[in-house]
Amino acid sequence: MKGGTVQINWHETKPVLTLDFHPLSGLLATGGADFDIKLWLLVCEEQKKGPVATYQNSLTYHGSAVNILRFSPSGDFLASGADGGELILWKLHVGEAGQTWKVLKTLSFHRKDVLDLEWSKDSAFLISGSVDNSCIIWDVNKGSVHQILDAHLHYVQGVAWDPLDKYVASLSSDRTCRIYVNKPQTKGKSSEKMNYVCHQVISKAEPQLPDDSRPVKSHLFHDETLPSFFRRLAWAPDGSFLLVPAGSYKLLPLAEPVNTAYVFSRRDLSRPAIQLPGATKPVVAVRFCPVVFDLRGSNSAGFFKLPYRIVFAVATLNSLYVYDTESVPPIAVWAGLHYAAITDIAWSPDAHFLAVSSQDGYCTLVEFENNELGSRASASVEIKVEEKKSDEHKSEVSIESTTSDRNTKAQASVESTTDDRNTKAQADERDVKEVSSIVTSSSVPNKQAKRRITPMAID
(Lines give C-alpha, C1' and ligand atoms only; values in the text may rest on other atoms or scores of the structure.)
Protein backbone atom coordinates (compact mmCIF):
# COMPACT_ATOMS: atom_id res chain seq x y z
CA MET A 1 0.00 0.00 0.00
CA LYS A 2 1.08 3.56 -0.61
CA GLY A 3 -0.32 7.02 -0.26
CA GLY A 4 -0.52 10.03 2.00
CA THR A 5 -2.02 13.47 2.37
CA VAL A 6 -2.62 15.00 -1.06
CA GLN A 7 -1.84 18.70 -0.79
CA ILE A 8 -3.95 20.20 -3.55
CA ASN A 9 -6.60 22.90 -3.40
CA TRP A 10 -9.50 20.64 -2.44
CA HIS A 11 -11.99 23.28 -1.23
CA GLU A 12 -10.25 26.65 -1.33
CA THR A 13 -8.17 25.63 1.74
CA LYS A 14 -11.37 25.38 3.81
CA PRO A 15 -12.33 22.26 5.81
CA VAL A 16 -13.24 19.14 3.83
CA LEU A 17 -16.16 17.74 5.82
CA THR A 18 -17.25 14.68 3.85
CA LEU A 19 -16.44 12.43 0.90
CA ASP A 20 -17.76 9.38 -0.93
CA PHE A 21 -17.03 7.23 -4.00
CA HIS A 22 -19.54 6.63 -6.76
CA PRO A 23 -20.45 2.90 -6.58
CA LEU A 24 -20.05 2.36 -10.35
CA SER A 25 -17.68 4.90 -11.87
CA GLY A 26 -15.41 5.25 -8.84
CA LEU A 27 -15.42 9.07 -9.00
CA LEU A 28 -14.64 10.68 -5.65
CA ALA A 29 -17.02 13.40 -4.42
CA THR A 30 -15.98 15.79 -1.64
CA GLY A 31 -17.99 18.39 0.26
CA GLY A 32 -16.57 21.30 2.16
CA ALA A 33 -17.00 24.54 4.04
CA ASP A 34 -16.80 26.45 0.73
CA PHE A 35 -20.44 25.35 0.09
CA ASP A 36 -19.42 23.25 -2.96
CA ILE A 37 -19.38 19.58 -3.93
CA LYS A 38 -16.44 18.64 -6.12
CA LEU A 39 -15.85 15.52 -8.23
CA TRP A 40 -12.38 13.99 -8.63
CA LEU A 41 -10.89 11.21 -10.72
CA LEU A 42 -8.24 9.15 -8.95
CA VAL A 43 -5.44 7.70 -11.05
CA CYS A 44 -2.30 5.76 -10.21
CA GLU A 45 1.07 6.89 -11.47
CA GLU A 46 4.09 4.68 -10.93
CA GLN A 47 6.39 7.66 -10.44
CA LYS A 48 4.24 8.99 -7.60
CA LYS A 49 4.23 7.77 -4.03
CA GLY A 50 0.45 7.59 -4.03
CA PRO A 51 -2.69 8.15 -6.11
CA VAL A 52 -3.27 11.44 -7.91
CA ALA A 53 -6.60 13.28 -7.75
CA THR A 54 -7.67 15.15 -10.90
CA TYR A 55 -10.46 17.74 -10.63
CA GLN A 56 -13.49 17.04 -12.85
CA ASN A 57 -16.23 19.53 -11.99
CA SER A 58 -18.23 21.14 -9.19
CA LEU A 59 -21.84 20.82 -8.09
CA THR A 60 -22.87 24.27 -6.87
CA TYR A 61 -26.22 24.79 -5.20
CA HIS A 62 -25.80 24.75 -1.42
CA GLY A 63 -25.72 28.03 0.46
CA SER A 64 -23.79 26.72 3.44
CA ALA A 65 -21.13 24.20 4.45
CA VAL A 66 -21.72 20.66 3.10
CA ASN A 67 -21.45 18.28 6.08
CA ILE A 68 -22.38 14.97 4.46
CA LEU A 69 -22.82 13.46 1.01
CA ARG A 70 -23.59 9.91 -0.05
CA PHE A 71 -24.21 8.29 -3.44
CA SER A 72 -27.18 5.94 -3.65
CA PRO A 73 -26.34 2.22 -4.02
CA SER A 74 -27.83 2.32 -7.53
CA GLY A 75 -25.50 5.17 -8.49
CA ASP A 76 -28.37 7.23 -9.91
CA PHE A 77 -28.62 9.72 -7.06
CA LEU A 78 -26.46 11.79 -4.74
CA ALA A 79 -27.78 13.16 -1.43
CA SER A 80 -26.02 16.05 0.28
CA GLY A 81 -26.77 17.65 3.65
CA ALA A 82 -25.58 21.04 4.83
CA ASP A 83 -25.88 23.65 7.54
CA GLY A 84 -29.26 25.22 8.13
CA GLY A 85 -31.15 22.00 7.39
CA GLU A 86 -30.40 21.93 3.66
CA LEU A 87 -30.82 18.47 2.12
CA ILE A 88 -30.49 18.16 -1.65
CA LEU A 89 -31.11 15.23 -4.00
CA TRP A 90 -29.05 15.19 -7.20
CA LYS A 91 -29.77 12.95 -10.21
CA LEU A 92 -27.27 11.62 -12.73
CA HIS A 93 -28.06 12.49 -16.36
CA VAL A 94 -26.23 10.70 -19.17
CA GLY A 95 -26.11 12.38 -22.57
CA GLU A 96 -23.94 12.76 -25.63
CA ALA A 97 -21.80 15.30 -23.82
CA GLY A 98 -21.16 12.88 -20.97
CA GLN A 99 -22.49 12.59 -17.46
CA THR A 100 -23.87 15.53 -15.50
CA TRP A 101 -25.44 15.87 -12.06
CA LYS A 102 -28.51 18.07 -11.70
CA VAL A 103 -30.62 19.01 -8.68
CA LEU A 104 -33.68 16.77 -8.54
CA LYS A 105 -35.37 17.75 -5.29
CA THR A 106 -34.87 19.78 -2.14
CA LEU A 107 -35.94 17.87 0.96
CA SER A 108 -37.15 20.43 3.48
CA PHE A 109 -38.03 19.72 7.08
CA HIS A 110 -34.89 19.78 9.24
CA ARG A 111 -34.64 23.06 11.12
CA LYS A 112 -30.89 22.93 11.73
CA ASP A 113 -27.65 21.51 10.31
CA VAL A 114 -27.81 18.06 8.69
CA LEU A 115 -24.77 16.09 9.93
CA ASP A 116 -25.16 12.57 8.53
CA LEU A 117 -27.30 10.50 6.16
CA GLU A 118 -27.56 6.99 4.73
CA TRP A 119 -29.45 5.30 1.90
CA SER A 120 -31.58 2.19 2.03
CA LYS A 121 -30.17 -0.66 -0.04
CA ASP A 122 -32.81 -0.25 -2.76
CA SER A 123 -32.14 3.52 -3.02
CA ALA A 124 -35.84 4.21 -2.34
CA PHE A 125 -35.42 5.72 1.12
CA LEU A 126 -32.99 7.92 2.98
CA ILE A 127 -32.35 8.60 6.67
CA SER A 128 -30.80 11.85 7.88
CA GLY A 129 -29.61 13.09 11.29
CA SER A 130 -29.55 16.72 12.39
CA VAL A 131 -28.59 19.24 15.04
CA ASP A 132 -32.34 19.63 15.63
CA ASN A 133 -32.09 16.33 17.60
CA SER A 134 -34.12 14.35 15.08
CA CYS A 135 -33.75 11.65 12.45
CA ILE A 136 -35.97 11.77 9.38
CA ILE A 137 -36.73 8.89 7.01
CA TRP A 138 -37.44 10.26 3.54
CA ASP A 139 -39.37 8.73 0.65
CA VAL A 140 -37.05 9.54 -2.24
CA ASN A 141 -39.60 9.03 -5.03
CA LYS A 142 -42.15 11.31 -3.40
CA GLY A 143 -39.54 13.72 -2.04
CA SER A 144 -41.41 13.84 1.26
CA VAL A 145 -41.03 12.90 4.92
CA HIS A 146 -41.95 9.28 5.56
CA GLN A 147 -41.29 9.20 9.32
CA ILE A 148 -39.70 11.34 12.04
CA LEU A 149 -37.70 9.81 14.90
CA ASP A 150 -37.17 12.54 17.49
CA ALA A 151 -36.39 10.84 20.80
CA HIS A 152 -32.79 12.07 21.11
CA LEU A 153 -32.07 14.90 23.55
CA HIS A 154 -29.11 16.35 21.69
CA TYR A 155 -27.52 16.48 18.24
CA VAL A 156 -27.88 13.39 16.04
CA GLN A 157 -24.36 13.03 14.62
CA GLY A 158 -24.57 9.63 12.96
CA VAL A 159 -27.18 7.41 11.25
CA ALA A 160 -27.00 3.97 9.61
CA TRP A 161 -29.40 1.82 7.56
CA ASP A 162 -29.35 -1.96 7.96
CA PRO A 163 -28.62 -3.57 4.54
CA LEU A 164 -31.29 -6.17 5.35
CA ASP A 165 -33.86 -3.38 5.86
CA LYS A 166 -34.88 -4.48 9.33
CA TYR A 167 -33.14 -1.83 11.46
CA VAL A 168 -31.94 1.75 11.39
CA ALA A 169 -29.56 3.17 14.00
CA SER A 170 -28.71 6.63 15.25
CA LEU A 171 -25.94 8.00 17.48
CA SER A 172 -26.22 11.25 19.38
CA SER A 173 -24.18 13.53 21.62
CA ASP A 174 -26.79 12.77 24.31
CA ARG A 175 -24.59 9.67 24.87
CA THR A 176 -27.09 7.18 23.49
CA CYS A 177 -27.29 4.92 20.46
CA ARG A 178 -30.83 4.11 19.42
CA ILE A 179 -31.79 1.06 17.38
CA TYR A 180 -35.13 1.14 15.56
CA VAL A 181 -36.84 -1.94 14.15
CA ASN A 182 -39.21 -1.97 11.18
CA LYS A 183 -42.74 -3.04 12.19
CA PRO A 184 -44.81 -2.45 9.04
CA GLN A 185 -48.30 -1.05 9.32
CA THR A 186 -51.05 -2.49 7.14
CA LYS A 187 -51.99 -0.08 4.38
CA GLY A 188 -54.90 -1.24 2.32
CA LYS A 189 -55.62 -4.87 1.51
CA SER A 190 -52.30 -5.92 0.06
CA SER A 191 -49.69 -3.33 0.99
CA GLU A 192 -47.71 -2.47 4.10
CA LYS A 193 -46.23 0.83 5.19
CA MET A 194 -42.69 0.84 6.56
CA ASN A 195 -42.74 1.91 10.21
CA TYR A 196 -39.75 2.05 12.55
CA VAL A 197 -40.17 1.85 16.32
CA CYS A 198 -37.56 2.07 19.06
CA HIS A 199 -36.04 -1.33 19.79
CA GLN A 200 -33.00 -0.56 21.97
CA VAL A 201 -31.60 2.48 23.75
CA ILE A 202 -27.93 1.82 24.46
CA SER A 203 -26.46 4.17 27.02
CA LYS A 204 -24.74 2.67 30.04
CA ALA A 205 -23.10 -0.59 31.08
CA GLU A 206 -21.50 -2.11 34.13
CA PRO A 207 -18.11 -3.85 34.01
CA GLN A 208 -17.51 -7.29 35.46
CA LEU A 209 -15.50 -6.85 38.63
CA PRO A 210 -13.17 -9.56 40.00
CA ASP A 211 -14.46 -9.18 43.56
CA ASP A 212 -17.97 -9.12 44.96
CA SER A 213 -18.19 -5.35 45.02
CA ARG A 214 -21.26 -3.80 43.54
CA PRO A 215 -20.65 -2.73 39.92
CA VAL A 216 -21.32 0.87 38.97
CA LYS A 217 -22.83 1.60 35.60
CA SER A 218 -20.90 4.00 33.40
CA HIS A 219 -21.66 5.70 30.10
CA LEU A 220 -20.62 3.91 26.93
CA PHE A 221 -20.24 7.03 24.78
CA HIS A 222 -18.61 10.44 24.88
CA ASP A 223 -20.74 13.44 25.84
CA GLU A 224 -21.35 16.62 23.86
CA THR A 225 -17.85 17.94 24.58
CA LEU A 226 -16.37 15.49 22.05
CA PRO A 227 -14.43 17.82 19.69
CA SER A 228 -16.13 16.64 16.51
CA PHE A 229 -19.42 17.30 14.74
CA PHE A 230 -19.58 13.69 13.53
CA ARG A 231 -20.12 10.22 14.99
CA ARG A 232 -20.53 8.23 11.78
CA LEU A 233 -21.61 4.64 12.53
CA ALA A 234 -22.13 1.84 9.97
CA TRP A 235 -23.55 -1.64 9.40
CA ALA A 236 -21.42 -4.44 7.98
CA PRO A 237 -22.23 -5.10 4.29
CA ASP A 238 -23.88 -8.41 5.23
CA GLY A 239 -25.75 -6.89 8.18
CA SER A 240 -24.08 -9.26 10.66
CA PHE A 241 -22.93 -6.49 12.99
CA LEU A 242 -23.13 -2.78 13.71
CA LEU A 243 -19.96 -0.74 14.30
CA VAL A 244 -20.41 2.31 16.54
CA PRO A 245 -17.79 5.06 17.14
CA ALA A 246 -17.38 7.62 19.96
CA GLY A 247 -17.05 4.85 22.56
CA SER A 248 -15.63 5.56 26.01
CA TYR A 249 -15.56 2.87 28.70
CA LYS A 250 -13.96 2.22 32.08
CA LEU A 251 -12.41 -1.11 32.98
CA LEU A 252 -12.72 -0.15 36.66
CA PRO A 253 -14.91 2.49 38.32
CA LEU A 254 -11.95 4.72 39.21
CA ALA A 255 -9.97 4.09 36.03
CA GLU A 256 -9.52 6.61 33.26
CA PRO A 257 -11.95 6.10 30.34
CA VAL A 258 -10.60 4.37 27.23
CA ASN A 259 -11.50 5.45 23.69
CA THR A 260 -12.96 2.71 21.52
CA ALA A 261 -15.45 1.66 18.87
CA TYR A 262 -18.07 -0.94 19.76
CA VAL A 263 -19.20 -3.95 17.74
CA PHE A 264 -22.82 -4.99 18.25
CA SER A 265 -23.78 -8.44 16.99
CA ARG A 266 -27.02 -8.60 15.04
CA ARG A 267 -28.05 -11.46 17.32
CA ASP A 268 -27.94 -9.19 20.39
CA LEU A 269 -28.14 -5.45 19.81
CA SER A 270 -28.70 -4.71 23.50
CA ARG A 271 -25.00 -4.51 24.40
CA PRO A 272 -21.56 -4.41 22.81
CA ALA A 273 -20.07 -7.77 21.95
CA ILE A 274 -16.59 -6.38 21.27
CA GLN A 275 -14.57 -3.28 22.09
CA LEU A 276 -11.92 -2.57 19.50
CA PRO A 277 -8.49 -1.98 21.02
CA GLY A 278 -8.32 1.44 22.64
CA ALA A 279 -7.19 4.47 20.67
CA THR A 280 -5.47 7.53 22.08
CA LYS A 281 -8.09 9.87 20.60
CA PRO A 282 -11.88 9.49 20.31
CA VAL A 283 -13.21 7.51 17.33
CA VAL A 284 -15.34 9.75 15.07
CA ALA A 285 -16.11 7.65 11.99
CA VAL A 286 -16.18 4.06 10.73
CA ARG A 287 -16.71 2.72 7.20
CA PHE A 288 -16.86 -0.78 5.70
CA CYS A 289 -15.07 -1.90 2.57
CA PRO A 290 -17.73 -2.81 -0.04
CA VAL A 291 -15.70 -5.84 -1.19
CA VAL A 292 -15.78 -9.06 0.85
CA PHE A 293 -12.70 -11.30 0.81
CA ASP A 294 -11.90 -14.99 1.18
CA LEU A 295 -10.54 -16.21 4.49
CA ARG A 296 -6.77 -16.35 4.72
CA GLY A 297 -6.76 -19.03 7.39
CA SER A 298 -3.73 -17.49 9.07
CA ASN A 299 -5.37 -16.55 12.35
CA SER A 300 -7.92 -18.57 14.27
CA ALA A 301 -8.01 -16.15 17.24
CA GLY A 302 -10.16 -13.51 15.56
CA PHE A 303 -13.23 -12.03 17.18
CA PHE A 304 -15.59 -13.11 14.42
CA LYS A 305 -16.70 -16.44 12.96
CA LEU A 306 -17.69 -15.67 9.40
CA PRO A 307 -17.18 -17.70 6.19
CA TYR A 308 -15.46 -14.67 4.63
CA ARG A 309 -13.38 -11.64 5.65
CA ILE A 310 -14.92 -8.20 6.08
CA VAL A 311 -12.53 -5.23 6.10
CA PHE A 312 -13.37 -1.90 7.73
CA ALA A 313 -11.72 1.41 8.56
CA VAL A 314 -11.87 3.26 11.88
CA ALA A 315 -10.92 6.93 12.14
CA THR A 316 -10.04 8.78 15.32
CA LEU A 317 -9.53 12.53 15.45
CA ASN A 318 -5.98 12.12 14.14
CA SER A 319 -5.39 8.48 13.08
CA LEU A 320 -6.73 5.79 10.75
CA TYR A 321 -6.94 2.07 11.52
CA VAL A 322 -7.89 -0.75 9.13
CA TYR A 323 -9.21 -4.00 10.63
CA ASP A 324 -10.52 -7.27 9.26
CA THR A 325 -12.77 -9.85 10.87
CA GLU A 326 -10.09 -12.54 10.89
CA SER A 327 -7.49 -10.69 12.97
CA VAL A 328 -7.41 -9.16 16.43
CA PRO A 329 -4.93 -6.28 15.88
CA PRO A 330 -5.41 -3.78 13.04
CA ILE A 331 -3.86 -4.76 9.72
CA ALA A 332 -2.77 -1.17 9.02
CA VAL A 333 -2.37 2.05 11.03
CA TRP A 334 -1.71 5.64 9.93
CA ALA A 335 -1.05 8.23 12.63
CA GLY A 336 -0.56 11.99 12.51
CA LEU A 337 -2.12 12.34 9.07
CA HIS A 338 -3.65 15.78 9.57
CA TYR A 339 -3.30 18.94 11.61
CA ALA A 340 -7.03 19.04 12.43
CA ALA A 341 -9.79 16.53 13.06
CA ILE A 342 -10.63 13.78 10.56
CA THR A 343 -14.22 14.14 9.35
CA ASP A 344 -15.10 11.20 7.07
CA ILE A 345 -13.91 7.95 5.42
CA ALA A 346 -14.72 6.37 2.05
CA TRP A 347 -13.75 3.19 0.15
CA SER A 348 -13.69 2.95 -3.63
CA PRO A 349 -16.10 0.31 -5.03
CA ASP A 350 -13.21 -1.99 -6.02
CA ALA A 351 -11.42 -1.54 -2.66
CA HIS A 352 -8.43 -0.10 -4.52
CA PHE A 353 -8.55 3.27 -2.72
CA LEU A 354 -9.30 4.47 0.79
CA ALA A 355 -9.91 8.20 1.27
CA VAL A 356 -10.03 10.34 4.42
CA SER A 357 -11.11 13.98 4.76
CA SER A 358 -10.07 16.50 7.40
CA GLN A 359 -10.87 19.90 8.82
CA ASP A 360 -7.39 21.07 7.86
CA GLY A 361 -8.58 21.36 4.25
CA TYR A 362 -6.84 18.27 2.86
CA CYS A 363 -7.60 14.63 2.11
CA THR A 364 -5.49 11.51 2.53
CA LEU A 365 -5.57 8.90 -0.24
CA VAL A 366 -4.32 5.34 0.25
CA GLU A 367 -3.84 2.92 -2.63
CA PHE A 368 -3.91 -0.86 -2.12
CA GLU A 369 -2.16 -3.10 -4.59
CA ASN A 370 -3.94 -6.02 -6.23
CA ASN A 371 -4.84 -8.71 -3.67
CA GLU A 372 -3.10 -6.77 -0.91
CA LEU A 373 -6.26 -6.88 1.17
CA GLY A 374 -6.95 -10.44 0.03
CA SER A 375 -8.75 -12.35 -2.70
CA ARG A 376 -12.30 -11.34 -3.49
CA ALA A 377 -14.76 -13.84 -2.04
CA SER A 378 -15.87 -16.45 -4.55
CA ALA A 379 -19.34 -16.31 -6.05
CA SER A 380 -20.25 -19.49 -4.19
CA VAL A 381 -20.09 -17.60 -0.88
CA GLU A 382 -23.52 -16.12 -0.27
CA ILE A 383 -23.11 -12.92 1.72
CA LYS A 384 -26.30 -12.90 3.67
CA VAL A 385 -27.29 -13.26 7.29
CA GLU A 386 -29.98 -15.86 7.77
CA GLU A 387 -32.24 -14.42 10.41
CA LYS A 388 -33.89 -16.97 12.68
CA LYS A 389 -37.14 -15.29 13.60
CA SER A 390 -37.98 -17.89 16.20
CA ASP A 391 -34.73 -17.19 18.06
CA GLU A 392 -35.31 -13.45 17.89
CA HIS A 393 -38.82 -13.79 19.29
CA LYS A 394 -37.45 -15.77 22.23
CA SER A 395 -34.82 -13.17 23.04
CA GLU A 396 -37.04 -10.12 22.60
CA VAL A 397 -39.62 -9.32 25.26
CA SER A 398 -42.11 -6.57 24.54
CA ILE A 399 -42.56 -4.20 27.44
CA GLU A 400 -45.13 -1.51 27.98
CA SER A 401 -45.57 0.90 25.11
CA THR A 402 -44.52 4.49 25.53
CA THR A 403 -47.18 7.08 24.83
CA SER A 404 -44.82 9.99 24.47
CA ASP A 405 -44.70 11.53 21.00
CA ARG A 406 -40.96 12.01 21.43
CA ASN A 407 -40.21 8.46 20.37
CA THR A 408 -41.84 8.65 16.92
CA LYS A 409 -44.51 10.72 15.19
CA ALA A 410 -46.42 7.49 14.75
CA GLN A 411 -46.62 7.03 18.56
CA ALA A 412 -44.61 3.85 18.23
CA SER A 413 -44.29 1.32 21.01
CA VAL A 414 -40.88 0.98 22.55
CA GLU A 415 -39.37 -2.43 22.81
CA SER A 416 -36.30 -3.57 24.64
CA THR A 417 -34.64 -6.78 25.63
CA THR A 418 -35.21 -7.01 29.35
CA ASP A 419 -33.76 -10.34 30.33
CA ASP A 420 -29.98 -10.09 30.02
CA ARG A 421 -29.49 -13.67 31.12
CA ASN A 422 -31.71 -15.06 28.36
CA THR A 423 -30.09 -12.79 25.81
CA LYS A 424 -26.63 -13.88 26.84
CA ALA A 425 -27.56 -17.52 26.58
CA GLN A 426 -29.05 -17.02 23.16
CA ALA A 427 -26.28 -14.88 21.67
CA ASP A 428 -25.11 -16.56 18.48
CA GLU A 429 -21.42 -17.38 18.84
CA ARG A 430 -21.26 -18.36 15.20
CA ASP A 431 -21.15 -14.68 14.31
CA VAL A 432 -19.19 -13.05 17.13
CA LYS A 433 -17.17 -14.23 20.12
CA GLU A 434 -18.05 -12.13 23.12
CA VAL A 435 -14.76 -10.94 24.55
CA SER A 436 -15.89 -7.68 26.06
CA SER A 437 -15.80 -6.93 29.75
CA ILE A 438 -19.03 -4.97 29.30
CA VAL A 439 -21.96 -7.22 29.98
CA THR A 440 -25.10 -5.12 30.20
CA SER A 441 -26.81 -2.20 28.59
CA SER A 442 -29.60 -0.08 29.90
CA SER A 443 -32.49 1.87 28.51
CA VAL A 444 -32.65 5.29 30.07
CA PRO A 445 -35.84 7.31 30.41
CA ASN A 446 -36.10 10.69 28.77
CA LYS A 447 -34.54 13.43 30.90
CA GLN A 448 -34.22 17.15 30.55
CA ALA A 449 -31.72 18.07 27.87
CA LYS A 450 -28.31 19.09 29.12
CA ARG A 451 -26.91 22.52 28.49
CA ARG A 452 -25.81 22.50 24.88
CA ILE A 453 -22.13 22.91 24.18
CA THR A 454 -21.28 23.30 20.53
CA PRO A 455 -18.40 20.99 19.54
CA MET A 456 -15.27 22.78 18.41
CA ALA A 457 -12.60 21.64 15.99
CA ILE A 458 -9.33 20.59 17.58
CA ASP A 459 -6.26 22.73 17.12
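I will walk through the repeat annotation and then a few strands and their pairings in this model.

Before the details, please keep in mind that the model is predicted, with local features needing pLDDT of at least 70 and side-chain atom pairs counting only at pLDDT 80 or more, while totals for chains, interfaces and linings use all residues. Residues are numbered from 1 along each chain as its sequence is written, and side-chain values use heavy atoms, with hydrogens and water left out.

Let me begin with the record: the unreviewed UniProt entry places the feature "repeat: WD" at residues 16-40, 59-100 and 107-148. UniProt positions are in the numbering used here, feature names are shortened, and such annotations may be inferred rather than shown by experiment. Taking residues 16-40, the chain there is 0% helix and 64% strand, with its end C-alpha atoms 14 Å apart; helices (H or I, at least four residues) and strands (E, at least two) are DSSP runs, numbered from the N terminus.

Next come the pairings, where two strands count as paired if DSSP finds at least two bridges between them. Strand β12, residues 135-139, is joined by 5 bridges to strand β13, residues 144-149, and the two run antiparallel. C135 has L149 in β13 as its bridge partner, and in this hairpin, which leaves 4 residues between the strands, G143 takes a positive phi near 70°.

Further along, there is an open sheet of 4 strands in the order β22-β23-β24-β25, with antiparallel pairing. Its edge strands, each pairing on one side only, are β22 (234-235) and β25 (274-275). Strand β24, residues 258-265, is joined to β25 by 2 bridges in an antiparallel run, and V263 stands opposite I274 of β25.

As for its partners, β27 (residues 309-316) pairs with β28 in the antiparallel sense over 5 bridges, V311 having D324 as its bridge partner, and a hairpin connects β27 to β28 through 2 residues. β28 also pairs with β29 (residues 332-335), again antiparallel, over 4 bridges, and there the bridge partner of Y321 is V333.
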